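Trainee: I would like to go through this model one feature at a time. Please show it first.

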Amino acid sequence: MRARSHAVLAASVVLALAAGPLAAPAFAAPPAPASRSADQRGPAEEALRAAIAGLPNQYATAALVRVGTPGGDWHGSAGVRDLASGRPAHPDARFRAGSITKVVTAATVLRLAAQDEIDLDAPVQGYLPDLFTPDFEQPISVRHLLNHTSGIKPGDGLGDNFAELYAHRYETLTPQQVAASAMAKGPEDFVPGTRQQYLNINYTILGLLIEKVTGRSYASEARRLVLRPAGMHHTYFPGTDPRVRGSHNRGYRVVERPDGTTGPVDVIEWNQADRWAAGDMISTAADLERLLTKLFRGKIVPQPELEEMFTTPAGVPGADRSAGLERREIGGQVFWGKSGSRYGYSAVVAGTRDLSRTLVYSVNSTDAKSAGPKPVGDAIAAAALR
């Protein structure tokens, strides 16, 4: 069943988008939903429709949702394809998946580990001796990179805020340049394995590791080892291409204009080369659902390597991230998943390990990279992960 909100006048949308502060969704515990009896195991269709009703509004211009339960599945879309035309959102649109890319990168590394091409306990310095300076005396294992306990400092970007980044959106910053800038900042912030700090640089280096051990590009190995086995035929890595190819719903960011008013800026075209193995993937909701189900069923990463994706580092205070995933307990159930955001787009993929309940959504958020409340994403999660 599909739920779609129809077009509204673009002028009304602009006024709504200027109404107030906005929020960025993430994979986190949603507000507690209304209770339902134990035998009602299907999707909460009414609540899901309500979660995405009224789009576009001040928080988002479109949303795509896929929910799986023992009692059936629910697919919904709402909002508009673009503000100029007001056409209904494309229900099978491609979107920027952001850091959900890390799930694919982790799975690629674990596949290579299963094939004895990578040793998870080996120091990454031994694989990439030309990257690390002699100052990095503490061994940093591949596993430290996978679960964000490496302590490596973040790499540089093309700006420190939206205005700066937007001005450079067509420029290319290579992963090699990002990694080199991190190395130039010196040794680790903490002893590897003692703290967990979520940073893109860990997965940028994993992308370099994949290329070093295979002699092939990151994109080709990720396609071979993960995308094809998962049946993700509409997912790709754009490289330096700033466009989103194929059917898509345009992304927007609300900004303050020089005259003090606010309004949406189209951010669909953006060179994401610096995100690379940490966050440049373009996908669809159906493809991400395939990734989730095939991965959790052991169809992509075999045992025992798959356990790395469901194991947080022992002895690390507050650690809730594993290899590519994040652990959350919601309503007495443990969910494993990953969120991702780029300007104009916020996405989540999550499920119980037994796949008794799954959620994939993409929200064309007008403030996707900001912290704070996340009304559309929270409402979707509250209805789906009950």
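Trainee: Which backbone nitrogen does the side chain of Thr284 reach, and at what distance?

Mentor: Keep in mind that this is a predicted model. Thr284 is found in strand β6, residues 282-284. Its side chain reaches the backbone nitrogen of Asp287, and the distance is 3.0 Å.

Trainee: Is Thr284 buried or exposed?

Mentor: Beyond residues up to four places away in sequence, Thr284 touches Asp92, Ala93, Arg94, Phe95, His234 and Thr235. The cut-off for buried is under 20% relative accessible area. Thr284 has 6%, so this residue is buried.

Trainee: How far apart in space are Thr284 and Pro91, C-alpha to C-alpha?

Mentor: In sequence, Thr284 and Pro91 are 193 residues apart. In space, their C-alpha to C-alpha distance is 9.5 Å.

Trainee: What is the bridge partner of Val348 in β10?

Mentor: Strand β9 covers residues 345-352 and pairs with β10 in the antiparallel sense over six bridges. In β10, the partner of Val348 is Tyr361.

Trainee: Why is helix α12 described as largely enclosed by the rest of the structure?

Mentor: The buried residues of α12 include Val376, Gly377, Asp378 and Ile380. They pack against α2 (45-52), β1 (60-69) and β10 (358-365). The helix, residues 375-384, is largely enclosed because its buried residues number eight of the ten.

Trainee: Which element gives the most to the lining of the largest pocket?

Mentor: The largest pocket holds about 950 Å³ of space. Its lining has 43 residues, and Asn200, Arg275, Ser341, Arg342 and Lys369 lie nearest the centre. At least two lining residues each come from α8 (200-214), α10 (276-279), β7 and β8 (333-342). With five residues, the element that gives the most is β8.

Definitions and conventions: Residues numbered from 1 in each chain as written. Predicted model: local features only at pLDDT ≥ 70, side-chain atom pairs only at ≥ 80, totals over all residues. Heavy atoms only, no water. Helix = DSSP H or I, 4+ residues; strand = E, 2+ residues; numbered from the N terminus. Buried < 20%, exposed > 50% of the residue type's maximum accessible area, 1.4 Å probe, protein only. Contact = heavy atoms within 4.5 Å. Polar contact = N/O pair within 3.5 Å; in protein donor to acceptor, adjacent residues only side chain to side chain. Pairing = 2+ DSSP bridges. 1 Å grid on protein atoms, 1.4 Å probe; cavity = no way out; pocket = protein on both sides within 12 Å on 5 of 7 lines; lining within 4 Å. Points joined across faces, edges and corners; volume = space filled by probe spheres on them.
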